[in-house]
Amino acid sequence: MKAIHIFIDVPIDFNFWRTVYSHGWCSLRPFSVDKENRMLNRLLHLENDSLAFCQITAHNNSQLKINIQSKFPVNGTMQKQIRAKISTMLRLDEDFAEFHRESRRYPRYRWISSMKVGRMLRAPSVFEDIIKMICTTNCSWSLTEIMTNNLIDEFGKSFENSKQTFPSAEALAGTTEQFLRKSIKTGYRSPFILEFATNVANGKLNIEQWRNSPLATEVLYKELLNIKGVGMYAAGNILKLLGRYDFLGLDSWVRGQYYNLYHNGRVVSDKTIERLYKPFGRWRGLFFWLEMTKHWFKKEIPF
DNA sequence: GCGTCCAGGTCTACC
DNA sequence: GGTAGACCTGGACGC
């Protein structure tokens, strides 16, 4: 086993630990968190089919330190890929200056720029983000974890000590609906997952370019709704992981947070919620999510 | 131990 | 365009 470490520069408005804990993704494999050492772990699948296990920590205010383990010597090409994947996961290349400027205009949101938050952790691939989002629909978080674990255990590439990658579209496209239902426990989502993976694997859907797409957000939203198993909740939240924050992505959990925060637990319509955040324009989905999870920011380890 | 309900929704048929 | 009903699963809850 070869081991080296590299450093990656981060933007001045970046907060490593708050990005890790920006939502539940950090607790879904192949991500894992070493809470004691404030470390995010992730096994990466590189282009030459090699695997690299990365342990990411904040080195100081301006850098990340990445400990890399691989079966092969980690050459310059591999390092370049690792840097690119970590940058995309932690949104290092995304410009949040305008969002933070906007947050400073409102006293109730000034904490956002002072805590340097807003970046939401995402997977190295759009494919992984979408499959996981489908697995969050209409079920408890524990079932989402079961489905994700089963997908990785059955279709991921093995590294060592039970570490595995998230499966590729090709790997999932080669399975059957029956196997997904019986062994992966994806239930009625199974035909949706199979169809989506097949369309990605055969090139019918070029989802990986969506992170840098020139398409208008509304157009991307409709593209997402065309994927079976992706409805308004999933599409709104996938968009956030594509860098578009125009939709709230309402689900029963955030609705509950909103009812408690603004209406003493009384249920109100989705239109009422949307009306409150409309003035925040293209950043409304991010203001909404950060406000609903504000209590997380009072704890070093939120969950 | 067993039945019921519901959870970080979506699809389809029908009106 | 709006809405009712079906859909997998696992865990919490009441009995």
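A residue is called buried when its relative accessible area is under 20%. In this predicted model, Arg91 and Glu94 are both buried by that criterion, and the two residues form a salt bridge whose closest N and O atoms are 2.8 Å apart.

**Salt bridges**

The structure holds 13 salt bridges. Side chains of opposite charge can pair when their charged atoms come close.

| Pair | Closest N to O distance | Burial |
|---|---|---|
| Arg91 and Glu94 | 2.8 Å | both buried |
| Asp129 and Arg211 | 2.9 Å | both buried |

Asp129 forms a salt bridge with Arg211. This pair links distant parts of the chain, with Asp129 in helix α5 and Arg211 in the loop between α9 (190-201) and α10 (217-225), 82 residues apart.

**Domains**

The domain assignment of chain A gives domain 1 (2-97), domain 2 (126-241) and domain 3 (252-298). A distance of 26 Å separates the C-alpha centres of domain 2 and domain 3.

**Pocket and cavity**

Rolling a probe the size of a water molecule over the atoms shows where empty space is left. The largest pocket holds about 670 Å³ of space. Its lining comprises 30 residues, of which Thr136, Trp141, Tyr233, Asp251 and Trp253 lie nearest the centre of the pocket. At least two lining residues come from each of α6 (141-155), α11 (232-241), α12 (252-263) and α14 (284-292). Helix α11 supplies the largest share of this lining, with six residues.

A search of the whole structure finds one cavity of 30 Å³ or more. The largest cavity contains about 40 Å³ of space. Arg18, Thr19, Ser22, Val117, Gly118, Arg119, Met120, Leu290 and Phe297 line this cavity.

**Nonpolar surface patch**

Leu261, Tyr262 and Leu276 make a nonpolar surface patch of about 240 Å². Leu276 is found in helix α13 (residues 270-277). Because its relative accessibility is 31%, Leu276 counts as partly exposed; membership of a patch requires over 30% relative accessible area.

Conventions: Residues are numbered from 1 along each chain as its sequence is written. Chains are lettered from A and ligands numbered from 1 in the order in which they are written. This is a predicted model: local features need pLDDT of at least 70, side-chain atom pairs count only at pLDDT 80 or more; totals for chains, interfaces and linings use all residues. Side-chain values use heavy atoms; hydrogens and water are left out. Patches are made of residues with over 30% relative accessible area and no salt bridge: like charges are joined within 9 Å, nonpolar side chains (Val, Leu, Ile, Met, Phe, Trp, Tyr) within 5 Å. Accessible areas come from the Shrake-Rupley method with a 1.4 Å probe; for residues, only the protein chains shown count as cover. A salt bridge is a side-chain nitrogen of Lys or Arg within 4 Å of a carboxyl oxygen of Asp or Glu. Helices (H or I, at least four residues) and strands (E, at least two) are DSSP runs, numbered from the N terminus. Buried means under 20% relative accessible area, exposed over 50%, partly exposed in between (1.4 Å probe, protein chains only). Domain bounds come from an automatic or database domain assignment. On a 1 Å grid over the protein atoms alone, a cavity is a set of points where a 1.4 Å probe fits but cannot get out, and a pocket is an open set with protein on both sides within 12 Å along at least five of seven lines; lining residues have an atom within 4 Å of a point. Grid points are joined across faces, edges and corners, and a volume is the space filled by probe spheres set on the points.
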